[in-house]
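Grab a pencil and have the model open beside you.

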Amino acid sequence: MSTFFRGRHFITTEDFKRQQIDTLLDLSCELKTAFAHDQLTPWLLYKTVFMIFYDSSTRTRNSIEAGITQLGGHAHFLTPDRLQLTHGETPEDTAKVLSRFGHAIAIRACEYGKGNNYLNRVAEQSRVPVLNLQDDIYHPMQALADLMTIQERFGKDLRDLKVGISWAYADSHLKPLSVPQSQILLFARYGMDVTLAHPKGFELTPEIVAKAKENAANHGGKISISHDMDDAFNGADVVIPKNWGGFFAAPSLEEIGAKAKQHTDWICDERRMNLTNRGSIYMHALPADRGKEVVDSVIDGPHSVIYDEAENRLHTAKAVMALTIGGR
Ligand code: CP
């Protein structure tokens, strides 16, 4: 594994050593301070990032687009219908051509069973870094911003910090598994004591959970699984209740939706927040399904750090781009 960033793909934090994640976080903090002082750093002058979005986005698109602009470069916002992808152009040909024109290819492709495969096919043929803007397995940009937000509140040493990651009810669409999966993988490497709660049938990918447990064993962390939402809140310092699709719950999307409807009581409310530790924080990657995943008085209340968390997407995205596209 290389110790350098320049030219590296950023598809999962698992490809980076703990020390390298620390470097990314340190740089994110520096960039945040510089931004607060209105000091922009043109480290990526005239560089182009091609952003291919198969799925919609508020935070990810705009953090990359604003971020590369603030670093002196430029982003192209692309969707499959604006490329030849809808006419069947292969990921390999797209990768070879775009990497001759610019300096990074950033992709969001969340379709279950396909997204990560698409990113890896592009990455294999790209001469420039491929940045994962969320696929069906990983959302490394989100996990990095979440870790930064937790460190801002609880300090750099997060060993034994009690974190509850819980499934929560929603019916807007089947949300990917990638946010909680990236969180358990990364948080375990920082020694956190994570309780993962979900109804039966709403498991995360078994290989990812096994890897997170291995990360925890190697770094003094803990991953416990529960089927009671309250367990994620009891004595927690950080709670992250969020919906994800029950891709293992049933064979069809309609049946998964029907199974989810049996768990409308999996909501983050005041009673559950009262189970947490004093000074606990409520996090959500957003967009949140208000009234289903969480009540307004919690998401808009004193525990909530959702806008700090969202803002940190900008600073962490800039750090990733600065070191993978630039750097040395
Ligand atoms: N958290 C997140 O990835 O937000 P968007 O879907 O709006 O990009």
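Predicted model: local features only at pLDDT ≥ 70, side-chain atom pairs only at ≥ 80, totals over all residues.

Residues are numbered from 1 along each chain as its sequence is written, and side-chain values use heavy atoms, with hydrogens and water left out.

**Exercise 1.** Find the residues that surround the ligand and sort them by type.

*Solution.* Start with the shell: Ser57, Thr58, Arg59, Thr60, Arg108, His139, Gln142, Ala285, Leu286 and Arg313 surround the ligand (a heavy atom within 4 Å). Now sort them: two are nonpolar, five polar and three charged (Asp, Glu, Lys and Arg count as charged; Ala, Val, Leu, Ile, Met, Phe, Trp, Tyr, Cys and Pro as nonpolar; the others, Gly among them, as polar).

**Exercise 2.** Work out which N or O atoms of Arg108, Ala285 and Leu286 lie by the ligand.

*Solution.* Take Arg108 to begin with: a side-chain N or O atom sits 2.9 Å from a ligand oxygen. Next come backbone N or O atoms: one of Ala285 is 2.9 Å from a ligand nitrogen, and one of Leu286 is 3.0 Å from a ligand nitrogen.

**Exercise 3.** Where does the second largest pocket get its lining, and what is its volume?

*Solution.* Look up the volume: about 210 Å³ (the space filled by probe spheres set on grid points joined across faces, edges and corners). Then check the lining, which includes Tyr54, Asp55, Cys110 and Arg121 (lining residues have an atom within 4 Å of a point; a pocket is an open set of points on a 1 Å grid over the protein atoms alone, where a 1.4 Å probe fits, with protein on both sides within 12 Å along at least five of seven lines).

Conventions:
Polar contact = N/O pair within 3.5 Å; in protein donor to acceptor, adjacent residues only side chain to side chain.
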